[in-house]
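Here is a friendly briefing to read alongside the model. Keep the viewer open and follow the topics one by one.

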Amino acid sequence: MNAVTAASASADDKLLSMRLTAITHAAEETSFFEFRPVSGEVPRFTAGSHIDLHLPNGLIRQYSLTNSQDERHRFVVGVKKDAKSRGGSAYMIEQLRVGTVLQVGGPRNNFPLNETASHSVLIAGGIGITPMFSMMARLEGLGASWELYFAVRRRGELVMPDMLAAYGDKIHLHVDEEAGGLIDLAAIVAHAPRSSHLYCCGPAPMLDSFEAATKSWPYGEAHVEHFTSLTPVASEGGYTVELRRSGITITVAEGQTILEAVRAAGVDVPSSCEQGVCGSCETRVLEGVPDHRDMILSPAEQEANDTMMICCSGCKGDRLVLDI
Ligand code: FES
C-alpha cells in the first residue's frame, strides 16, 4: 500500500460535473462506464488511480480508472454488480442511464506504479482487474517489462477478453472452474524475478494469500489495493481533539469517530469511503498519538504519526491536536 500525498488528499475538495456518455458490456454483470466532463478536460491522473462517484441516490463510491492516463477527455470505470451491494454497484448497473450528470471527486492514487521497476507482475482477481487496464496501458507506453495474471471463477467473468488478448503472451488467465482450483499465488511470487514490483487487486481472500506469499518481499515492492477495510473503525471515544485552525476543542464520545465528532461540531472536512481505504480524510497530526486503523498508510508512515485518517482512526492517549 502507499500513502496518499497531501496534494492527492486534497484533490477531492473540488468536484467535477461529468456526464455518463457510454455503458459497455464488459463481462457477466459487469460494465464499463464512460464519463466525460460537462466542460473542459479531466484532471491529470496516473495509472492505478480511483475516482469518487457521487451517485444520484446519495451514495459516494470509489472506482478504479481503467483508461489510459494519457487521456484527458474522459474517465472510464468498470463496475460489477455485487450480490451484497449496499446500493452502489446495483444502482450503477440497473439504474444509471447514459446522459446522467453526476459529481466526481478525485482522482486519487493509493496504488501507483513504480515506473522504474525492471519488471512488473500484475495480479488481479475478478473485478480487481479494473486498475490493471490503466496500468497495462502505461507499462506498454513506457516499453516496460510486465505480465498479468488474471483469475476468475467462470470464463464468463473474464473482463474485456478482447482487450486482454491484444497483449498476447503477457496475459496469463486462470479460470477456477476449468483449472479445478484457485490460482497459485505462492508459485507466481516464487517465479517472479527478485527485482520485480508486484501488484495485487482482488477479493479479500486473494489479497490475504498475496500478502502471505510476499511476506519476505521487500516492503514497498509488493503493492495491494483495498476497497474495503478489514479493520473495525475506532469508535471507543473518551478523548479530546483540538482543531487548531478552527480554534475549537471537541470531545469524541463513545461510539463516535473523530470525523463524526468534527462534523457534529459544524466543521466541514472532506471524506468519502469512511472506512480508511480512500485517503480523502487524511489529516495532519500536530500533537498526540493516533490509533491508526486505515489501509493506506505504510507501517513506517503510521509510526511517524504525521497524518491520520480521521474517519476510522482514533487516539492512543487522551488528546490529539489536528490541523483542521
Ligand atoms: S474517508 Fe476514505 S479514508 Fe477516510
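The notes below go through the sheets, the cores and a few selected residues.

This is a predicted model. The largest nonpolar core holds 27 residues, while a second, separate core holds 24. As for disulfides, the structure has 0 of them.

- Strand S1 (residues 16–27) pairs with strand S6 (residues 101–108) in the antiparallel sense over 4 bridges. Arg19 has Val101 in S6 as its bridge partner.
- S1 also pairs with S2, again in the antiparallel sense, over 8 bridges. Ala22 stands opposite Glu34 in S2.
- The hairpin of S1 and S2 has 2 residues between the strands, and Glu29 takes a positive phi near 55° there.
- Strand S2 (residues 30–37) is mostly covered, with 7 of its 8 residues buried.
- S2 and S5 are joined by 6 bridges in the antiparallel sense. Glu34 stands opposite Val76 in S5.

- Strand S12 (residues 239–243) runs antiparallel to S13 and is joined to S13 by 5 bridges. Leu243 stands opposite Ile248 in S13.

- Which members of the largest nonpolar core touch the most other members? They are Leu122, Met132, Met136, Leu148, Phe150 and Val159.
- At least two residues of this core come from each of S1, strand S7 (120–125), H3, strand S8 (146–152), strand S9 (171–175) and S10. H3 gives the most, with 5 residues.
- Val159 touches Ala26, Ala27, Thr30, Phe32, Ile129, Phe133, Phe150 and Leu164, not counting residues up to four places away in sequence.
- In helix H3 (residues 130–142), the buried residues include Thr130, Pro131, Met132, Phe133, Ser134, Met135, Met136 and Leu139.
- Just after H3, Gly143 takes a positive phi of about 70°.
- The second, separate core of 24 residues includes Leu259, Cys281, Leu297 and Met308. Cys281 is buried, with a relative accessible area of 5%.

**Strands S10 and S11**

- Strand S10 (residues 197–201) and S11 run parallel and are joined by 4 bridges. Tyr199 stands opposite His223 in S11.
- Both faces of strand S11 (residues 222–225) are covered. Ala222 and Val224 are buried on one side, and His223 and Glu225 are buried on the other.
- His223 lies in strand S11 and counts as buried because its relative accessibility is 4%. The side chain of His223 makes a polar contact with the side chain of His197 (2.9 Å).

- Cys200 sits in strand S10. Its relative accessibility is 0%, so Cys200 counts as buried.
- Leaving aside neighbours within four places in sequence, Cys200 is in contact with Phe111, Ile123, Met132, Met206, Leu207, Phe210, His223, Val224 and Glu225.
- Cys200 and Ile123 are 77 residues apart in sequence, yet they lie 4.7 Å apart in space, C-alpha to C-alpha.
- The cut-off for a disulfide is 2.5 Å between the sulfur atoms.
- Cys201 also counts as buried, at 4% relative accessibility.

Terms used:
Residues are numbered from 1 along each chain as its sequence is written. This is a predicted model: local features need pLDDT of at least 70, side-chain atom pairs count only at pLDDT 80 or more; totals for chains, interfaces and linings use all residues. Side-chain values use heavy atoms; hydrogens and water are left out. Two strands pair if DSSP finds at least two bridges between them. Buried means under 20% relative accessible area, exposed over 50%, partly exposed in between (1.4 Å probe, protein chains only). A polar contact is a pair of N or O atoms within 3.5 Å; within protein, one must be able to donate a hydrogen and the other to accept it, and residues adjacent in sequence count only if both atoms are side-chain atoms. A nonpolar core is a set of buried Ala, Val, Leu, Ile, Met, Phe, Trp, Tyr and Cys residues joined through side-chain atoms within 4.5 Å. Contact means heavy atoms within 4.5 Å.
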